[in-house]
Amino acid sequence: MNNKNFFTVIIFLGILIFLGYLFYNVLIFILLAIVFASVGSPLMQLLQKIKIKNKTCSASLAAGITLFVLVALVALGFYILIPIVIKEIESVSSIDPTLYTQALENWFAQADALLNRYGFLKENEHVIDILLLQMKTFIGTISISSLAGNLFSFVGALFILVFSVIFLSFFALKDKDIFFKMVRRAIPVSFRENYDRILVQSRAQIVRYFGGVFVDNIIIGVTIGLACYFANVPNALLIGVLAGIFNIIPYIGPFLAMGLGLAISITTLLPTEPAAEVFTMLFWKMTIIFAVIKAIDTFALTPVIFGRSMKVHPVEIFIVILLAGYVGGVAGMIFAVPAYSMIRIIVKEFFGGYYFGDERVE
């Protein structure tokens, strides 16, 4: 590659990265639509093979039917989960508040004794007083008008997200290469062959990645759900579902699922088992279950599933996810690995001679 082409590629990639960072919301919509379309692609192909009176299903009709089925499956998932959530809310609302008071008093008394023993609290200090002071300070910073504005903004953003993903998914199903064709037209003619090679390599890796994510989430959800069931943890099914869903967030997802699962289990036990010892035992059960399964996932499943599919070392994955989380939050963490893999493919395609010799990404 001569110096002119070298600087042209650098400038073009810089512009793409800047635009991706500036409009990352739109980029996420497109990525979600591509994933949604990839999931529905087998059904789309099946529908187009069906013949009725020697007439095949049109691409538009097949895309519409496929999209309807996908949305129906998502709605079915919510239909199954929402009654469970409502039941939990009803059980919480029916609990005698004195049970909360009694359990919390026991917990805080144990916490005070433990922290006093090791010198973290003075004799006249109490954990509850510190928490109440922090809560009072936090509440004082909350503005009702800003809270209402944030709520409306969230609802509006959610509507835009759902509508945009459905709209884009329809055209991604109808023409699976539509977004890639749009990018290709924006690329200088002299680099389109490079783009085609990058596309072939990156699509294969990204499909393997999201397939690995799907398999890993199912394994984690089923394993944690079964472990909680055999450990007599209340609402084991719901906890397993939460663990599988939140596992899509690298590293911190299982801890979020554990926190929600612990809260759900505690509210279930409060009417019948308000003793602090029961809650302590429940906490240790769930901590051991999540810690052991997450350790197995981190050191056994993740290197096998993601290391082989993305051809990236686990240390690289960890560092990239940390950086992406710092820049883009949870969304950045979710899409960090496929984005990093694509960047590696691009660098090897254009600058392989500088950094990798004649090495190519398989």
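Student: In this predicted model, what do the side chains of Lys-294 and Asp-297 form where they meet?

Tutor: A salt bridge is read from a side-chain nitrogen of Lys or Arg and a carboxyl oxygen of Asp or Glu, which must lie within 4 Å. The side chains of Lys-294 and Asp-297 meet in a salt bridge, at 3.1 Å from N to O.

Student: Where do Lys-294 and Asp-297 lie?

Tutor: Both are in helix α11, which covers residues 276-310. They are 3 residues apart, and that is about one turn of the helix.

Student: Is Lys-294 buried or exposed? And is Asp-297 buried or exposed?

Tutor: Burial is judged by relative accessible area: under 20% is buried, over 50% is exposed, and partly exposed is in between. Lys-294 has 16% relative accessibility, so it counts as buried. Asp-297 counts as buried because its relative accessibility is 1%.

Student: How many salt bridges does the count come to?

Tutor: The count comes to 3 salt bridges. One of them joins Asp-196 and Arg-184, with 3.0 Å from N to O. This pair links distant parts of the chain: Asp-196 belongs to helix α8 (residues 192-230) and Arg-184 to helix α7 (residues 178-186), 12 residues apart. Asp-196 is partly exposed, at 28% relative accessibility, and Arg-184 is partly exposed too, at 30%.

Student: With which residue does Lys-181 form a salt bridge?

Tutor: Its partner is Asp-175, and the closest N and O atoms are 3.3 Å apart. Lys-181 has a relative accessible area of 39%, so it is partly exposed. Asp-175, at 28%, also counts as partly exposed.

Student: What describes a pair of aromatic rings?

Tutor: Two values do: the distance of the centres and the angle of the planes. In this structure, a search of the whole model finds 6 aromatic pairs. One of them is Phe-170 with Phe-171, 5.2 Å centre to centre and with 85° between the planes, an edge-to-face pair. Phe-170 is partly exposed at 22% relative accessible area, and Phe-171 is partly exposed at 31%.

Student: Why is the pair of Tyr-229 and Phe-230 edge-to-face?

Tutor: The planes of the two rings stand at 75°, so the pair is edge-to-face; the centres are 5.4 Å apart. Tyr-229 counts as exposed, with 55% relative accessibility. Phe-230 is exposed as well, at 65%.

Student: Which residues do ring pairs link into a cluster?

Tutor: The cluster consists of Phe-159, Phe-163, Phe-167, Phe-170 and Phe-171.

Student: Which residues form a nonpolar patch on the surface?

Tutor: Such a patch is built from residues with over 30% relative accessible area and no salt bridge. Here Phe-7, Ile-11, Ile-15, Phe-18, Leu-19, Leu-22, Phe-23 and Val-26 form one, with about 800 Å² of accessible area together. Helix α1, residues 3-22, gives the most to the patch, with 6 residues. Phe-7 lies in helix α1 and is exposed, at a relative accessible area of 51%.

Student: How many helices and strands are in the protein chain?

Tutor: There are 12 helices and 2 strands. Of the 362 residues, 31% count as buried. The protein chain exposes about 23,100 Å², and carbon and sulfur atoms supply 73% of that area. Among contacts with a separation of 6 or more, 67% come from residues 24 or more positions apart.

Definitions and conventions: Residues numbered from 1 in each chain as written. Predicted model: local features only at pLDDT ≥ 70, side-chain atom pairs only at ≥ 80, totals over all residues. Heavy atoms only, no water. Patch = residues over 30% accessible without salt bridge, like charges linked within 9 Å, V, L, I, M, F, W, Y side chains within 5 Å. Areas by Shrake-Rupley, 256 points an atom, 1.4 Å probe, with all protein chains shown as cover. Helix = DSSP H or I, 4+ residues; strand = E, 2+ residues; numbered from the N terminus. Buried < 20%, exposed > 50% of the residue type's maximum accessible area, 1.4 Å probe, protein only. Contact = heavy atoms within 4.5 Å. Phe/Tyr/Trp six-rings, centres within 6.5 Å; stacked < 30°, edge-to-face > 60°.
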